[in-house]
Amino acid sequence: MTESLLKKIKWAARISALIVFAFIFPFYIGYGVPVPSAVLSFYENVWIVAMPIFLIGLVVGWKWEKIAGYLIIIPILFSFLVSLFLWESVSPIMAAPLIPGLLYLIYGYKK
């Protein structure tokens, strides 16, 4: 890959991560930083645990792209698998962080 293409991938990852973070973080904090509990279903608890992990990944990507890519992709894919096995519906908006996660991994492995 050329240097200019890598630079574009890097900035596309950063900008998309910033947009996703700016959209999802207020919703997460707006509920008073929910914690896993026995009142919620297993599916809801999985998403409550996954969300801060991938939010941290969105921020970490500005410095460490590979780590961020894994911090974003693994919890989201795990949550999708749980929802698949439990026959729960998944909001398509929860797939949005996969875009910067994949871009971070592409950039991290190609630089």
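Axes here are lines fitted to C-alpha atoms, for helices over the stretch in contact, with angles running from 0 to 180 degrees between N-to-C directions. Everything shown comes from a predicted model.

View 1. The axes of α3 and α4 come within 8 Å and cross at roughly 140°. The crossing of α3 past α4 is left-handed. On the α3 side, the contact uses E65, K66, A68, G69, Y70, I72, I73, I76 and F80; α4 answers with L98, G101, L102, Y104, L105, Y107, G108 and Y109. Sort the residues of this contact and you get 12 nonpolar, three polar and two charged.

**View 2. α1 against α4.** Here the axes sit 8 Å apart, and the two helices pack at an angle of about 150°. So α1 counts as roughly antiparallel to α4. α1, too, passes α4 in a left-handed crossing. From α1 come L6, I9, K10, A12, A13, R14, S16, A17 and V20, and from α4 come I99, P100, L103, Y104, I106, Y107 and K110. The tally for this contact is 12 nonpolar, one polar and three charged.

**View 3. α4 on its own.** Helix α4 covers residues 98–110, and at 1.5 Å a residue its 13 residues should span 18 Å. Its end C-alpha atoms are 18 Å apart, so the helix agrees with that expectation. Buried along α4 are L98, P100, G101, Y104, L105, Y107 and G108. Those buried residues pack against α1 (3–30), α2 (42–60) and α3 (65–85).

Key
Residues are numbered from 1 along each chain as its sequence is written. This is a predicted model: local features need pLDDT of at least 70, side-chain atom pairs count only at pLDDT 80 or more; totals for chains, interfaces and linings use all residues. Side-chain values use heavy atoms; hydrogens and water are left out. Helices (H or I, at least four residues) and strands (E, at least two) are DSSP runs, numbered from the N terminus. The expected span of a helix is 1.5 Å times one less than its number of residues. Buried means under 20% relative accessible area, exposed over 50%, partly exposed in between (1.4 Å probe, protein chains only). Contact means heavy atoms within 4.5 Å. A crossing is left-handed if the near helix is turned anticlockwise from the far one by less than a right angle, and right-handed if clockwise. Ala, Val, Leu, Ile, Met, Phe, Trp, Tyr, Cys and Pro count as nonpolar, Asp, Glu, Lys and Arg as charged, and the others, Gly among them, as polar. Angles under 35 degrees count as roughly parallel, over 145 as roughly antiparallel, 65 to 115 as roughly perpendicular and the rest as oblique.
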